[in-house]
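Keep the structure open beside the text as you read.

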Amino acid sequence: MSATFFPPATPRLQRSQLAVPASNPAFFEKAARSGSDVIFLDCEDAVAPDEKARARRNAIEALNDIDWGDKTLQVRINGLDTEYMYRDVVDIVENCPRLDMLLIPKVGVPADVYAVDMLVSQIEAAKKRSKRLGFDVLIETALGMANVEAIAQSSPRLEALSFGVGDYAASTRARSTIIGAGHPDYGMLGGGKADRARSFTPGDPWHYAQSRVLVACRAYGLRPVDGPFGDFSDPAGYSAAARRAAALGFEGKWAIHPSQIALANDAFSPTEDELANARRIVDAMESAQREGRGAVSLDGRLIDIASIKLAENLLRKADAIDPASA
C-alpha cells in the first residue's frame, strides 16, 4: 500500500440525485417528499436565458421555505463561461444556510474549481457561514476528461465527480441519439469475411469515460456519480445503465424524472444475498483471527484482504442506507 493517502470526502448517501428545474417551483414540494438521496435545483441547462434570474430567486426561496428533511441539497450553478455564474454563487451562498453543495458544470481545468472555491470562501468568511459548502463537479467535456485527475485534486471542498454523458457526447462528437444509452453501431463483428454467420456484439461507448471518472474519484477520496439517462419512458434501459455503473463502482446516478429514483436506489443498494455473504466473510475472518490462523477459506475459496475490503464496503453502504441493516 502506498504511504500516500487521500482521506475520503464528507460521507453522504448519493444513490439517486434528482434534477429539478429551478424555473418550475411546482416541482419543489414533490421533490422534497421523494425518495431521492440528493436533490439539485438546476439554474443551468434546464433554464432558458430569460428565466435565469427568476430561477435563482426560486431556488433561494425554496431552500429557505421548504422542509427538505435530511436530503442533501445542491444547486447547479451556471458555467464559468456565462454572465450568470457569479450572481448564482453570491446570491445563493449568501442567503441559503440550508444548502449543502454546489454542482459546478462543464469544468475543464482545475482553475475552474479554484475560481468558485475562492468566491465561496470569501462569502463564507464574510457571512460567518457555519456550514462549509461541498462541491460536486461535472465532468462533461473532452477538456474536463483530459484533466479529470488534476480536477479531482483541485479543492478540499470537492466531494464528488458526476459524469455528464450528454454534453460529453456532444463535446467528443459521438453519434449518440439518446443521452446515456448505447449506439447500434458501437460493437464488434465476430468471425472473418468467409464466415456465413457472423455475430455482432454490442459495446459500451461510455465505459472508458466512466472508468476514468471512477478511478480519479477513488484515487482522491471522492464519490463517483453517473449522470442522466435521457429516455425516462424506458425504465429497463435506465435500470440497465444504473446497474452497469454500480457494478463498475459508482455511488449513484442522476434521475431526471421521479420515476427513475426508485430504480437508482435499488441499483446502488446492496442486495440481501450480497449482505449475507459479506457478513459471512467478515465472520470467517474474525473467527480465524481469534484462532490465530492467517489463512481463511469459505465455501472452498480463499478469503484474502481484498475479499474483506469488498465485504466491508458493502456493509458500510448498507449501514448508510439503514443503520439497522448492516
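Predicted model: local features only at pLDDT ≥ 70, side-chain atom pairs only at ≥ 80, totals over all residues.

## Ground rules and helix H8

Helices (H or I, at least four residues) and strands (E, at least two) are DSSP runs, numbered from the N terminus.

Residues are numbered from 1 along each chain as its sequence is written, and side-chain values use heavy atoms, with hydrogens and water left out.

Back to H8. Its buried residues are Ala 209, Gln 210, Ser 211, Val 213, Leu 214, Ala 216 and Cys 217. Buried here means under 20% relative accessible area, exposed means over 50%, and partly exposed is in between (1.4 Å probe, protein chains only). An α-helix has 3.6 residues a turn, so residues three or four places apart point the same way. Just after H8, Gly 221 takes a positive phi of about 80°.

Now for strand S3 (residues 72-76), where 5 of 5 residues are buried. Both faces are covered: Thr 72, Gln 74 and Arg 76 sit on one side, with Leu 73 and Val 75 on the other.

S3 has parallel partners. Strand S2 (residues 38-42) joins S3 through 5 bridges, and strand S4 (residues 101-104) pairs with S3 over 3 bridges, also in the parallel sense. For two strands to pair, DSSP has to find at least two bridges between them.

## Crossovers

How does the chain get from S3 to S4? It goes by way of helix H3 (residues 85-95), and the three make a right-handed β-α-β unit. Right-handed means that, with the strands pointing away from the viewer, the path from the first strand over the helix to the second runs clockwise.

## Salt bridges

How many salt bridges does a search of the whole structure find? The count is 21, where a salt bridge is a side-chain nitrogen of Lys or Arg within 4 Å of a carboxyl oxygen of Asp or Glu. One of them joins Asp 42 and Arg 76, with the closest N and O atoms 2.6 Å apart. That pair links distant parts of the chain, Asp 42 in S2 and Arg 76 in S3, 34 residues apart. Asp 42 is buried at 3% relative accessibility, and Arg 76 is buried too, at 6%.

Glu 44 and Lys 106 also meet in a salt bridge, 2.7 Å from N to O. Glu 44 lies in the loop between S2 and H2, and Lys 106 in the loop between S4 and helix H4 (110-127), so the pair ties together parts 62 residues apart in sequence. Glu 44 counts as buried at 6% relative accessibility, whereas Lys 106 is partly exposed at 30%.

A further salt bridge brings Arg 157 and Asp 117 together (2.8 Å, N to O), and both are buried. Salt bridges that share partners join Asp 42, Glu 44, Asp 45, Arg 76, Lys 106, Glu 140 and Asp 167 into one network.
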